Amino acid sequence: MDDVDAVQAQIARNMLDSGDWVSARLDGVLYLEKSPLKYWMMACSYAIFGVHDWAARIPVVLSILALAALIFYMGRWAFSELAGFYAALAFSTCIGLFLFTRILIPDIILTGTIALALWGLLRALDENEQHPRLWAAIMAVAMGVGLLLKGLIALVFPVAAGLCYLLFSGLFFQWKTWQRLRPFSGTLLILLVAAPWHILATLANPPYFDFSMTSGPGNYRGFFWFYFFNEHILRFLNRRWPRDYNTVPRYLFWLFHLLWFFPWSIYLPRLVKFNYRGAGRAERLRLLCLCWIGFILIFFTFSTTQEYYSMPTYPAFALLIGCAMAERNNYARHATKVLAVVSGLAFAAIGFILVNVWNLPTPGDISQALTQNPDMYTLSLGHMGDLTLKSFAYLKLPLVMAGLAFLCGTVVTLRYRERMTHYGLALMMVLFLNAARVAMKTFDPYLSSQPIAARLTASQPGLVIFGDQYYNFSSVFFYANLKQALLLNGRYNNLEYGSYAPGAPNVFVDDAQLRAYWHAPQRAYLILEGPKLPAIESLLGKQDLHLVLESGGKYLFVNQQP
């Protein structure tokens with residue numbers, strides 16, 4: 001898809017092609033805001049399987065499977081094998097995991113390192129553990145790997161959650177706690193893993209040290225300032241430049257977890273009845289999960305936040321939910337009655353939509369029936385606001401699949417039979433998530449520019465110009481394997497900072513330069529989105545715009561007759 005999905009995939013390809021594994025680049029421009037491990041993982045996948053969109057997703061897929069296994073083993077260690085299984089099941093089939101792993105962001109891999117670090121904390125402190133030194137080392141290495149995935153939060157989250165746990169459990173002031181955790185040798189391990197890249201990136205992108213707490217356009221202060229100050233401190237304070245992000249309202253950020261963990265969130269009220277005090281493994285893991293969830297959610301309550309920023313809490317939620325699911329009491333029986341009502345209402349709503357759109361025509365692709373709300377696109381799920389009733393006419397098959405899923409959920413929850421009900425709900429989610437996957441294929445022309453890239457690749461060579469910033473057309477760079485192209489008035493958002501670096505390529509053009517390129521003898525291609533078309537027609541002349549392809553509301557023009 002366009003935006004961050006193809007951006008991540010293209011950075012990995014650029015690293016593999018250039019041999020520069022330290023400094024990320026897009027369109028030749030430095031891109032210093034993210035840690036590199038996710039790019040290294042994708043680049044290694046390319047080296048093994050070739051450069052394909054599916055190869056870029058292999059590290060995320062393997063990370064999901066590994067994290068599900070880790071959740072199972074954590075639950076089995078502390079609660080029971082059944083609770084561990086239910087925890088992994090709830091994690092693997094929840095809506096949030098599906099939604100936020102459709103794009104190539106490192107958060108699911110980061111979540112795995114945080115979960116492993118916190119389990120290492122518990123295992124190192126366990127009096128019956130035979131290898132506490134090994135688990136203390138695992139904790140440190142996991143945090144070091146996390147630093148290479150998404151920066152300082154990979155260290156802040158497990159350390160803060162762990163300190164809260166030690167304080168609430170009364171272990172903080174016990175000398176044997178620190179003997180078992182080995183903080184000094186652990187710090188050395190963290191530095192051993194994470195420091196080399198940070199040092200190399202600082203040396204490769206001077207000036208080396210700048211501690212300014214102000215940011216704005218036109219200033220280049222090297223890697224150290226941009227990565228540590230702008231991307232960490234100033235982002236937390238909501239003073240980062242460029243301002244290319246938005247924030248979810250605080251109350252929605254908290255309430256959305258009922259949706260992200262649907263249908264298993266029905267068990268969350270049961271958490272108030274758990275025992276969090278005691279020396280047993282179950283009580284200790286429950287308390288740790290509570291500290292884990294509490295710190296991260298409170299942290300983002302006071303910072304800018306996107307819908308998926310709480311993903312590092314998912315294992316903790318899943319473990320507590322799995323523990324509740326494994327209990328044998330009347331709560332589950334009553335809770336599933338609520339799910340029966342919710343599933344039945346969802347089934348009825350889908351039936352209502354199908355009745356109203358079944359006979360509607362579906363010309364072209366789904367972009368013909370969508371609205372555009374660009375102010376919302378700085379949120380992860382901003383495109384959901386583009387849906388209209390007419391657009392559902394293009395989604396009849398996934399709607400039918402989703403309806404069958406909720407019908408299944410209604411049937412299995414009408415009468416509670418522990419394992420059969422839970423397995424039935426898991427089946428409901430498998431069907432529903434596959435319906436969502438089929439729906440996303442329908443959105444491909446709108447969310448991806450792959451058809452544009454395919455036609456561009458099959459056309460005669462020429463200069464390629466994009467009618468906006470890089471992110472809007474990032475999948476064209478990936479699928480067409482463009483090494484460099486020009487961006488019309490695109491010097492803003494993510495590439496702005498790197499464009500001020502010494503020696504940065506001049507890939508940004510204004511209206512006058514576009515007009516000169518377009519009327520020159522050299523063949524030139526222009527790719528733009530529909531809302532930009534009237535202004536471009538006025539600038540270049542409608543008669544000089546020769547349409548090659550329109551797909552998903554995006555246009556490919558050439559300055560000569562095709």
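Student: Why does leucine 407 count as partly exposed?

Tutor: This is a predicted model. In it leucine 407 has a relative accessibility of 36%. Buried means under 20% and exposed means over 50%, so a residue at 36% counts as partly exposed.

Student: Where does leucine 407 lie?

Tutor: Leucine 407 lies in helix α16.

Student: Which residues form a nonpolar patch on the surface?

Tutor: The patch is formed by Phe347, Trp358, Val400, Leu404, Leu407 and Val411. Together they have about 540 Å² of accessible area. Helix α16, residues 396-414, gives the largest share, four residues. Leucine 404 is a residue of helix α16.

Student: Why does threonine 177 count as buried?

Tutor: Its relative accessibility is 2%. The limit for buried is under 20%, so threonine 177 counts as buried. Threonine 177 is placed in helix α9, residues 175-181.

Student: What is threonine 177 in contact with, leaving aside its neighbours within four places in sequence?

Tutor: Threonine 177 is in contact with Leu125, Leu166 and Leu171.

Student: How do you know that threonine 177 and leucine 171 make a polar contact?

Tutor: A polar atom of the threonine 177 side chain lies 2.8 Å from the backbone oxygen of leucine 171. The cut-off for a polar contact is 3.5 Å, so this distance is within it.

Student: What makes the pair of lysine 176 and glutamate 127 a salt bridge?

Tutor: Their side chains meet at 2.9 Å, N to O. A salt bridge needs a side-chain nitrogen of Lys or Arg within 4 Å of a carboxyl oxygen of Asp or Glu, so the pair qualifies. Side chains of opposite charge can pair when their charged atoms come close.

Student: Which parts of the chain are tied together by lysine 176 and glutamate 127?

Tutor: Lysine 176 is in helix α9, and glutamate 127 is in the loop between α6 (107-125) and α7 (132-150), so the pair ties together parts 49 residues apart in sequence. Lysine 176 is partly exposed, at a relative accessible area of 40%.

Student: How many salt bridges does the rule give?

Tutor: The count comes to 16 salt bridges. One of them joins arginine 235 and glutamate 231, with the closest N and O atoms 3.2 Å apart. Another has glutamate 231 meeting arginine 240 at 2.6 Å, N to O.

Student: Why are arginine 235 and glutamate 231 separated by about one helical turn?

Tutor: They are four residues apart in helix α11, residues 222-236, which means a separation of about one helical turn.

Student: What is the phi of asparagine 489?

Tutor: Asparagine 489 also has a positive phi, near 50°. Its place is the loop between β4 (486-488) and α21 (496-499). At 42% relative accessibility, asparagine 489 counts as partly exposed.

Student: Which peptide bonds are cis?

Tutor: Among them is the bond from proline 206 to proline 207, with omega near 5°. Proline 207 is in the loop between α10 (183-204) and α11. The bond from phenylalanine 262 to proline 263 is cis too, with omega near 0°. Proline 263 lies in the loop between α12 (250-260) and α13 (281-301).

Methods. Residues are numbered from 1 along each chain as its sequence is written. This is a predicted model: local features need pLDDT of at least 70, side-chain atom pairs count only at pLDDT 80 or more; totals for chains, interfaces and linings use all residues. Side-chain values use heavy atoms; hydrogens and water are left out. Patches are made of residues with over 30% relative accessible area and no salt bridge: like charges are joined within 9 Å, nonpolar side chains (Val, Leu, Ile, Met, Phe, Trp, Tyr) within 5 Å. Accessible areas come from the Shrake-Rupley method with a 1.4 Å probe; for residues, only the protein chains shown count as cover. Helices (H or I, at least four residues) and strands (E, at least two) are DSSP runs, numbered from the N terminus. Buried means under 20% relative accessible area, exposed over 50%, partly exposed in between (1.4 Å probe, protein chains only). A polar contact is a pair of N or O atoms within 3.5 Å; within protein, one must be able to donate a hydrogen and the other to accept it, and residues adjacent in sequence count only if both atoms are side-chain atoms. Contact means heavy atoms within 4.5 Å.
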